[in-house]
Structure formats: C-alpha cells, structure tokens
Amino acid sequence: MTTDSVTLTIDGNSVTVPKGTKVIDAAREAGKNIPHFCYHPGLPVDGNCRMCISDIRTWNPRAEKHMPARRPAVACWVDAEENMQVFTDTPEVKKARASVMEFLLINHPIDCPICDKAGECMLQDYYMLHDRAPSKLREEKVHKPRLVPFGKRIVYNGERCILCSRCTRFTTHVTKTHELGIVNRGDRAIVEVLEGGDFANAYTDNVADICPVGALTKTDFRFKKRVWFLKHTDSVCGGCSRNCNTVVDHDGSEVIRIMPRERAGVNDWWMCNEGRDLYKEHAALARPAATLRIDGLEGGTASSITTWVGEKLAEYKKSDAAAVLVSPWISNEEAWLLSFLLGKLKIGHLDVMTGRTEGALPADDLLHTDDPNPNRAGAIAAGIVPDKKAGKGIDEIKAAIEAGEIEFLLLWGPHFGNDLDPELLSKVATVVQITDEHDAVSDAAAAVLPLRTWAERDGTWTNFEGHTSRFRRSLRPPAGALDGFDLLMQLCAAAGVKSPAKSLRDARKKLKQDPDSDVRAIVDGKFTFPEQSALYRHTSGAREV
Amino acid sequence: MSTLEFSAAAKERLEWLRTRYPKEHQRALILPVLSMAQREFGWVGPEVVHFVAAQIPVPAIQVEEVATFYTMYNKQPIGRWHLQVCHNLSCSLMGAEIVLEHVEKKLGIARGETTEDGEFTLIGAECLGSCGTAPMMQVNDHYHENLSLQDVDDLLEKLRATPDQEANPADLPFGCGSGPSRALPRDGARLEAGRAVHVPHHGETPVTHEVAERPKEAAGQPVTDAWTPQGMAQ
Ligand code: SF4
Ligand code: SF4
Ligand code: FES
Ligand code: FES
C-alpha cells in the first residue's frame, strides 16, 4: 500500500481510496450511497444539509483503538483516513438522519401533487426511506416567493427550496457566471438573481437537474408530464462534437425532455440548453418517403429501391464518375460498413460534408464546441476519407460535378445544403439521397431512401477528443424509415459485397470500439440508490453494451 | 456605469484594507468595504452593491449575499437619524414596547418607516448587547441607555437640533482585527458616545466553564450513543 492511499471500512466493508477522498466518495467506491442533498460530485463540498451525517471514528494510534464519535460528522466533508471506521446505518445515525429530514421538512410546502419534481425528488425519496414521521409543526409555515422567473428557462419556488446551494455553486464554480446567490438569512433566505441581472447562460437548465427538490423547474418541462410516465433511454446529444451523454425521456413516440447522463471526460454531469432543445428540431423534421424516379421503375418499395441503389453502386465499380458524400451525423458502425463497401467497389471519391451549421454556438470553455455535428471525428476514423491514391475530397468532388464528370452521387444523411446547392446537383445524372430529412433535393433526386434519426436507431459517435459514446433507440421510427446499418447490409448484398459483420453488435466489436471503456470506474449507477427514483438514472454512467 | 465614488479618506482606507487580507482572500473585503460604503452613501442599494463589487473586485451577487445577510447593512434609504430601539428580552422586560410605541406616536411613523422630513428612521432591533442598561436604543453609532420616556423626548429634540457633521475618517472601518491607530481603551473605560465597553485584557482572570466528563468507553464496547440528542435515547 502506498502512502497516497488510505484504507478504511464503511459499514464493515474495507475500501482503499486515494488520500484526500471524502468519506462519502469512499462510500460510493464501496458501493454505499450515503444519503445527501447538498453533496454533488461535480461541485465543491458545502456541507450544509447535514443529511450525510454518519458515525465516523478515527483510529488513535497511541491508544490503539478507534475513538468513539463525539457527534455525528458529515461524510461529504470529512476526509477518509487510514483505518477509519464509518457506520452509515446505526440506529443513532438513522435517528439523527430522521431529525435532519424533519428539520428540512418543517417549512416545506409538501405540494408534491402539483410539483414537477415529484417522482424524482430526493426529498420525497429520502422521506420515504429515512423519516416517515408526520409533521409536528402546528404553526403556520414560512411563506416565500413561489413563482420567480430566473431568466426565461427556469422558475424558482422559494418555499420548496432547501437552500442546499447546489444551484449557486453551479453558477459560481461550473459556469463561473455568478448569477445566482442566496440572499437574506435564516427562514427568510432565498435564492436570487441579482436585481437587474439575468440568468441566461448557455447551461442554466443544469441547475434544475441538480436541484434536489422542485424549487427550480424548467419552463420547458413544467406541467408537461409526471415523471413516472417517462421512459428513459440512454442517448447522446448530436448538437455538437462534444457528444454529451444524455438520457432521452420519452413516451415511445415523442421526446418529452433530454437530460444529461454522467460521463467522465466527455460532459461529466452537464449539458447545454441548446442540446436539450434538440428534440424540438427532431419533432419538426419533415420526413422523406422512399422514392425512385427512374423511367419505367417508378414507385418501388424501400427494399427494391435499396437493391437498385446497390446494383447501381456495383455498376460504378472502379469508376471515376461516382462519388459519395457523407454527413457527420452518420454512426461509427454505418461509416465503417459504408467505407468497407466503397473500398471493395473501389469508389474513392468519398468525404465528410460540412453538415449542419445552423445552431453553431461559439465554442466555450465548458462543453460546447464550434462544430454543431456529432461525428466528424468518428466518421473520419471509420474510413470516410478520400481514397489515398486517386480519391477526391469534397472540394474536388464539387469541382468535378461542376465540370460534369460525376454521373452518380450518393448523399448519406441530412444537412448537405451547406456544400451543394440544387443547381450544382442538377449537373449529376443520378443523385441518390439516403436521409432522415426531406428537403429540396428529395424532390429531385433519382432515388430517396428514408433513414431513421439518432433517436430512432442504435449506434455510436466519437467526439472531437476521441471518446466514443453510444446512443440507443428511444422512439418508434415512422413507418418505412430504415435503419442505417441494416440498409448498408442490404446495399452490400445487392452490390455483391460480403459484409464483414453479421450485425451491428458484431460491427462494434470489429471496430474495436468499447464506448464505455473510458467511463470512470466510479459512476452513480453502481450505487445502491433508491430504486424507485428516476432521478438517479440521469446520473448513471453508461451501461453494458 | 455607476457614478458613485468614495471620498479620498475612504479610498485611502480601502487601499490599506487590501493589504490586510491575503491575495487569494480579497473576498473578505466585502464586509469592511460594504460598511465603508454605507457610511459614505447612507445605504447599500443595488447601485452600491455593484459599486462595492467593482472595488474589490468580486461578483456582485456575492456582495448582495453579504449585504442581505447582515441586518446592520441598510437595504433601504434611511433618515438622518437611525433609531434602533432594542426590543429583545431584557429590553422588553424593561418596557421597550412602551418606548417603541412612544416613539412611533411622537414621530407619526411605524417601525421600519422614515419620517417625511427624512429626519428619523425607526426600527425595532434585536439584542444590542446592552441588556444591563435596558431599555436602550442605538442612534446611528451611539447607544442611549436606561431610557425613560422623558429621555426619549429630550433625545429626539436634541437630535433634530443637531446639524449634520463632517464625516470623521476615524469612523471608517478597519475590517477584522484592530486598526493601526485606534486600539480600544484597555481599561474598560466608557467610550465618548456613552457606550459602556468592557475590554478584557491580559492579567484578567479568564472566565472558565466547568466541563462535564464524557462517559467512559466500556471495555471493548464502543460508546454509540455519545451524541444521541437528549430525549431521543432509545
Ligand atoms: S433552488 Fe434547489 S438547488 Fe438551489 S438551493 Fe434551493 S434546493 Fe438547492
Ligand atoms: S455541448 Fe454539444 S453535445 Fe453537449 S449538449 Fe450542448 S450541443 Fe449537445
Ligand atoms: S450532503 Fe453532506 S452535508 Fe449535505
Ligand atoms: S435585550 Fe436589549 S440590549 Fe439585550
């Protein structure tokens, strides 16, 4: 054992952690969730709520025994020490914890029936787990402002607030924008946006996620859905090349909200407001229909059109007159299979397009990057690059189209408008568009195949720093929309190329991608959280593939 | 931008105060600079909060947090004379409510209000540490103790007749600890304002408290209920 680590016991279980680890984190490591409100792994310790009190006994080397605790200590504040004994569940601790609950609930309005947090509220869950006693209060509860807008996206309810300071620490230490503060004192204390100020940074919605109670609610989610009706699917935000890991909360056919999911090294616990609003863009998408506009072949089915495209591709084997442009929204697996297919067919004019440019925020210090597309890095890594010898890159392809040298152009994915205008495309004899978005080209292309969106299919994306994240299917795809990977398998078959992978899973294995390999070992999902609470799902790490 | 500006004396004091706190803890300047600002501008409204924040500099919200936490910072404009009548326990026993009502009637204002002519602001204050000479009131920086209603009447008249005085730079705050030149009298003497201050100094017998012995740990048996709150023992 090195001097940099300490070994202590948590409820009898021994655990070794680096020196300086807080007891509450050591307990997480040992698989024990110590109840807490103000503690958050992404924020500096504050130690104000006292919910994490535990019986913490230090080892006295001279007396050669553990010193009995004089009083309960807060596990989120105390550093783990060598040979320390921590008890988190003794009758005394439980009693003290129940007292903390009683104190926190003294002035709480308990308006759970109309509170958006109900069902994922730590106060509710912990009350059920640790208190369960009726209120002894006979006096009128303290009244505070209840409908205070904090900027356009957040509404504050002072009566529900337990003054844990998570939100103020977020604006102080994470965004460093310093909008929120706790003003006044004692039972008059409330969270406030400074008079004349605004709460408008790009990450405001995170405060509502980390608020342990329903004091901060999002205008976008207020009164929209009871949380227990939500289904949760692990996903990834495509809003920029950060690839924030998310949870899509939906009802199967419609996304209700998007929440961040803990992923160390990518987005930690946070995501930006723009990423949360992406579902609105998704809901408004005009979806294309399978179309074939070739004389004598009109009106095929999706699979007959796919076969036609595959055969057409094979016709252009080794030809200089075919080119493929790919959107940076393609998944790694699709990109890998597509580049394999084109490699076999020796179609070398292949490149990634600019993709989406609308919604490009300036890159900031926290998360947002300046590329509002998820998978440029992954697509390139998976082989969407011009052939080394004779392949043309996007600019050369454009020049070739201009010069009338390209007869067959395959466009994979949406958002090519920034590279190719319809006039340019009219110079190509056969344009095949495989996309999830209907646009001007869909009206003219020789063939259109409808694709499933990021919310409707499985895949992985790789962010600009090389971290791979996995998104899963949340929504039922509209009738006819094709899974990108399946479609590519069919294209392979039609083009007479044997696919190197039997399935998506197989592809992921062959790609040697383990989207979860760089997920930090300590993730919330491993802890014994109250299972009925949906809240913790949003802090869970990536699960097994 | 704010048009506020500190006086020359305050500016000088501010620079001196800066040297009193480590570089990484300049935030600690909030308290003394706020109280300096209150002296200079009368109250600490939003404009003053931003001004103070810019002086230190810290984010304005941190100044607001401090300014609203302490009741001694005036978040509203106050009159020329700030009457703070103590109405905590000792003073109440000695008739603080009568004093308060008397002042209210006399000035025609309720607690928390300011007279129309801007002369007086009246508030009920919590214990001002002068219980031995209750009832009492603080007027601006000075204590007036052992009040009778006659005293109050006289005092109010006297205050009305007192002209504004030049600000005294010596009144500017020194922050935590003592200032360089204004050590308090060491013999427990009365300060000029009539406030009885007892300053303990070396050589005085310190007050001691009996410390109860803690329960002994039985052999091998950890004392688990050492901190069980009273009345909650199993
Ligand atoms: S609003 Fe929520 S996060 Fe902020 S202090 Fe109150 S309870 Fe904590
Ligand atoms: S920072 Fe980028 S990836 Fe993360 S939520 Fe925002 S848009 Fe999405
Ligand atoms: S979680 Fe430890 S005091 Fe709040
Ligand atoms: S009660 Fe009035 S000074 Fe203490």
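This is a predicted model: local features need pLDDT of at least 70, side-chain atom pairs count only at pLDDT 80 or more; totals for chains, interfaces and linings use all residues.
Trainee: Why is β15(A) described as largely enclosed by the rest of the structure?

Mentor: The strand covers residues 255–260, and six of its six residues are buried, so the description follows from that count.

Trainee: Turning to helices, why are α8(A) and α13(A) called oblique to each other?

Mentor: Helix α8 (residues 302–315) of chain A and helix α13 (residues 484–495) of chain A cross at roughly 55°, with axes that come within 7 Å. Roughly parallel would need an angle under 35 degrees and roughly perpendicular one of 65 to 115, and the two helices are therefore oblique. The crossing of α8(A) past α13(A) is right-handed.

Trainee: Which residues make that contact, and how do they divide by class?

Mentor: On α8(A) they are A:Ser303, A:Thr306, A:Thr307, A:Val309, A:Gly310, A:Glu311 and A:Ala314, and on α13(A) they are A:Leu487, A:Gln490, A:Leu491, A:Ala494 and A:Ala495. By class, six are nonpolar, five polar and one charged.

Trainee: In chain B, what makes α6(B) oblique to α7(B)?

Mentor: Helix α6 (residues 96–107) of chain B packs against helix α7 (residues 149–161) of chain B at an angle of about 40°, and their axes are 10 Å apart. That angle falls between the limit of 35 degrees for roughly parallel and the range for roughly perpendicular, which begins at 65, so α6(B) is oblique to α7(B). The crossing is right-handed, and the contact includes B:Ile98 and B:His102 of α6(B) together with B:Leu156 and B:Arg160 of α7(B). By class, this contact has seven nonpolar, one polar and three charged residues.

Trainee: How do you know that helix α4 of chain B is mostly covered?

Mentor: The helix spans residues 60–69, and eight of its 10 residues are buried, among them B:Ile61, B:Glu64 and B:Val66. What covers these buried residues includes α4 (166–174), β10 (180–183) and β11 (190–193) of chain A, as well as α2 (30–41) and α3 (46–55) of chain B.

Trainee: Why are β2 and β4 of chain B called edge strands?

Mentor: They belong to an open sheet of four strands with mixed pairing, in the order β2-β1-β3-β4, and β2 (120–125) and β4 (142–144) each pair on one side only. The partner of β4(B) is strand β3 (residues 137–139) of chain B, to which three bridges join it in an antiparallel arrangement; within this pair, B:Gln138 has B:Tyr143 as its bridge partner. On average, neighbouring strands of the sheet are turned by 25° against each other, direction ignored.

Notes
Residues are numbered from 1 along each chain as its sequence is written. Chains are lettered from A and ligands numbered from 1 in the order in which they are written. Side-chain values use heavy atoms; hydrogens and water are left out. Axes are lines fitted to C-alpha atoms, for helices over the stretch in contact, and angles run from 0 to 180 degrees between N-to-C directions. Angles under 35 degrees count as roughly parallel, over 145 as roughly antiparallel, 65 to 115 as roughly perpendicular and the rest as oblique. A crossing is left-handed if the near helix is turned anticlockwise from the far one by less than a right angle, and right-handed if clockwise. Contact means heavy atoms within 4.5 Å. Ala, Val, Leu, Ile, Met, Phe, Trp, Tyr, Cys and Pro count as nonpolar, Asp, Glu, Lys and Arg as charged, and the others, Gly among them, as polar. Buried means under 20% relative accessible area, exposed over 50%, partly exposed in between (1.4 Å probe, protein chains only). Two strands pair if DSSP finds at least two bridges between them.
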